[in-house]
Amino acid sequence: MTGSHLNGKSNENVVYFHSYGKTFNFFPKNLNSFFKNLQRIAIFDAKLTAIEKEDLKPFNQLDFLYLQSNQIQYVEPGTFDDKPNLAKLYFTNNPCHSGTETNRAGVLNLIQLIESKCTQKPAWLVEQQNKLTTTTTTQKVKTEHELKN
């Protein structure tokens, strides 16, 4: 990665990485080797499909993560465990945002993250939690009914 910096500035001064519309098959690797002090990452409309723990591991000071309008279906459990400064997560317009059965793991991981980091849950998350709870309860009742018959 290369780019222009303001006079007297270098990669060491970069705290915000922003990418819009550039297709990535995976979260950009080795960002931290170029930008050691990143605090904010914004990657949207990039067709990302998953976020793994190793992707964000180098970014201990991360406080803002914008991953809107990708194709993320999976967020690995524990991905955000060592991100005490993460205050803002934008994740709308991703398949796991839809709460479909095939994407339940991604939604559940987001719920766990937001419950641990946020004092007030976003409305979309409350809606997804309700859908997941209803789906799980319906499946459990159906299974119990099938076992009785």
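K83 counts as buried because its relative accessibility is 0% (buried is under 20% relative accessible area, exposed over 50%, partly exposed in between, with a 1.4 Å probe and protein chains only). Its side chain still meets that of D82 in a salt bridge, 3.0 Å from N to O, and D82 is partly exposed at 32%. A salt bridge here is a side-chain nitrogen of Lys or Arg within 4 Å of a carboxyl oxygen of Asp or Glu.

Some ground rules: this is a predicted model, where local features need pLDDT of at least 70 and side-chain atom pairs count only at pLDDT 80 or more, while totals for chains, interfaces and linings use all residues. Residues are numbered from 1 along each chain as its sequence is written, and side-chain values use heavy atoms, leaving out hydrogens and water.

The salt-bridge count comes to four. K29 and D55 make one of them, at 2.7 Å from N to O. K29 sits in the loop between β1 and α1, D55 in helix α2, 26 residues apart (helices, H or I of at least four residues, and strands, E of at least two, are DSSP runs numbered from the N terminus). D55 is buried at 8%.

Now the rings: there are eight aromatic pairs (Phe, Tyr and Trp rings, the six-membered one for Trp, with centres within 6.5 Å; planes under 30 degrees apart are stacked, over 60 edge-to-face, the rest tilted). Y16 and F64 are edge-to-face because their planes stand at 80°, with centres 6.2 Å apart. That pair links strand β1 to strand β4, 48 residues apart.
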